[in-house]
Amino acid sequence: MHHLRSFSVAKLAKVFIRLSLRLKSTGRRPSAPLGTRILTNPDDVFKHNMWDHVQWTEEEKENARQKAEENSCVQIPLMEQGKILLEASHYWDKFYETHQDKFFKDRKWLFLEFPELLPPGSKEEITNRCVNDHQEAYPHRTGSSTDPETRHQHDEISSNHHRTVASNPQESCRRAAVEKNETVFPGQHASFRILEVGCGVGNSVFPILDSIKHADAFLYCCDFSQCAIQLVKEHPEYDDSMCHAFVHDICEEMASLPFPPQSLDVILAVFVLSSIHPDRIQGVVNRLSSYLKHGGIFLFRDYGRYDFSQLRFKKGRCLSENFYTRGDGTCVYFFSKEEVHDLFSKAGLEEIQNLEDRRLQVNRGKKVVMHRVWMQSKYRKLHRNPLSPS
């Protein structure tokens, strides 16, 4: 009996060890950001749809620089540029009217790369839960060059949507604030607040809502496309006790936001700042940063300099250096690592992470490889100096 018991314990121990190793190998806790699939043998390139942390040769760098120089040598006339920039919201409205919520995929990878989106105490649970989606959802989704995140980089129907006023914490908090003659704003009851700018049709919104539904958290999301915001509000998982979606142009200097300064814990900007004219981006980041609490974090992911999508632009699509307009009228800028650092540093934020995400995307059907470059960054608003009057 003792021998059998010892055998069973030993067997269970071996099973436990194997499971532990398997969990580690599948990335339950990624050993490195931005993926861990490294191409070590060039002959294996077509075995997967994406390879991480790809190093460019000097020749590849020079070829990319030359292609960007060539496709930007002819710029769109200033008068036509003005029309494109003035009608930006029209072009995005048209885009969402055409594609509805079918173009982009939900960004389930968010919590692996940006665990700061999760309220304190919930990071471990959500990170472990979303790992199963990581390999397919991100970053190794597809090898097609027409994949939605490639082109623009732009998850229980809840009865909470029909909650009564008596059970709605937001309404209860609003009434209490009115009685105390305090400023009233949506989400003021929450201890953890997130803003996503350029939310589109909610491909980040609904994964975030699913992750915070049992937490004391609130999500704001905005886009300057009326059509996109309407689609967010019509989604069956939209819950106005947890989320406030609104139309807003982040480039408008005098436009107000539905919450006070220094009230946000996190700001998320995923493939949105690149759609703004480079001359206006600094002002946008400065204004948005003023709404972060001291210690709050700005999360950023966008296109990087010499990404495949920049190099395939034809002559005549360039608006200014590294800034282009697509065939549908929407615009895109390609950032360098140094520019990103300067952008957030000048807004008074300190660097936590500033990475160039260089990958090799593979179309295995057509035997085509594409060098992708994205920027991924995290910047924190400095904690208030206790000796400072402000």
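Strands here are DSSP runs of E with at least two residues, helices are DSSP runs of H or I with at least four residues, and both are numbered from the N terminus. Two strands count as paired if DSSP finds at least two bridges between them. Two bridges join β7 to the antiparallel strand β8 (residues 323-325), and S320 has F323 in β8 as its bridge partner.

Some conventions apply throughout. Residues are numbered from 1 along each chain as its sequence is written, and side-chain values use heavy atoms, with hydrogens and water left out. Because the model is predicted, local features need pLDDT of at least 70 and side-chain atom pairs count only at pLDDT 80 or more, whereas totals for chains, interfaces and linings use all residues.

The protein as a whole contains 13 helices and eleven strands. Of its 390 residues, 48% count as buried, where buried means under 20% relative accessible area, exposed means over 50%, and partly exposed lies in between (1.4 Å probe, protein chains only). The accessible surface comes to about 20,000 Å², and carbon and sulfur atoms account for 53% of that area. These areas come from the Shrake-Rupley method with a 1.4 Å probe, and for residues only the protein chains shown count as cover.

A further open sheet has eight strands in the order β1-β10-β11-β6-β5-β2-β3-β4, with mixed pairing. The edges are formed by β1 and β4 (243-247); each has a single partner strand, so one side of each is left without a neighbour in the sheet. In general, the strands of a sheet pair through backbone hydrogen bonds, either parallel or antiparallel. An antiparallel example is the pair of β10 (residues 349-363) and β11 (residues 368-381), joined by 14 bridges; within this pair, D357 stands opposite W374 in β11.

Four bridges join β5 to the parallel strand β2 (residues 192-197), with I194 opposite V266 in β5. Six bridges join β5 to β6 (residues 292-303), again in parallel, and I267 has F298 in β6 as its bridge partner. Between β5 and β6 the chain passes through helix α11 (residues 278-289), forming a right-handed β-α-β crossover. Right-handed means that, with the strands pointing away from the viewer, the path from the first strand over the helix to the second runs clockwise. Strand β5 is mostly covered, as seven of its seven residues are buried.

In soluble globular proteins, nonpolar side chains tend to be buried together. A nonpolar core is a set of buried Ala, Val, Leu, Ile, Met, Phe, Trp, Tyr and Cys residues joined through side-chain atoms within 4.5 Å. The largest such core here has 42 residues, and those with the most contacts inside it are L110, L117, V205, I208, L209, L219 and L268. Helix α9 (residues 205-212) gives the most to this core, with five residues. A second, separate core of 41 residues includes L195, F259, L273 and F323.

Helix α9 is largely enclosed by the rest of the structure, because seven of its eight residues are buried. These buried residues are V205, F206, P207, I208, L209, S211 and I212. Contact means heavy atoms within 4.5 Å. L110 touches I208, and also P115, L117, S204, L268 and V270, not counting residues up to four places away in sequence.

Two single residues complete the picture. M50 is found in strand β1 (residues 50-51) and counts as buried at 4% relative accessibility. F185 lies in the loop between α8 (169-179) and β2, and F185 is buried, with a relative accessible area of 12%. The C-alpha atoms of F185 and L257 are separated by 9.8 Å, although these residues are 72 apart along the chain. F185 touches R193, Y220, P258, F259 and P260, not counting residues up to four places away in sequence.
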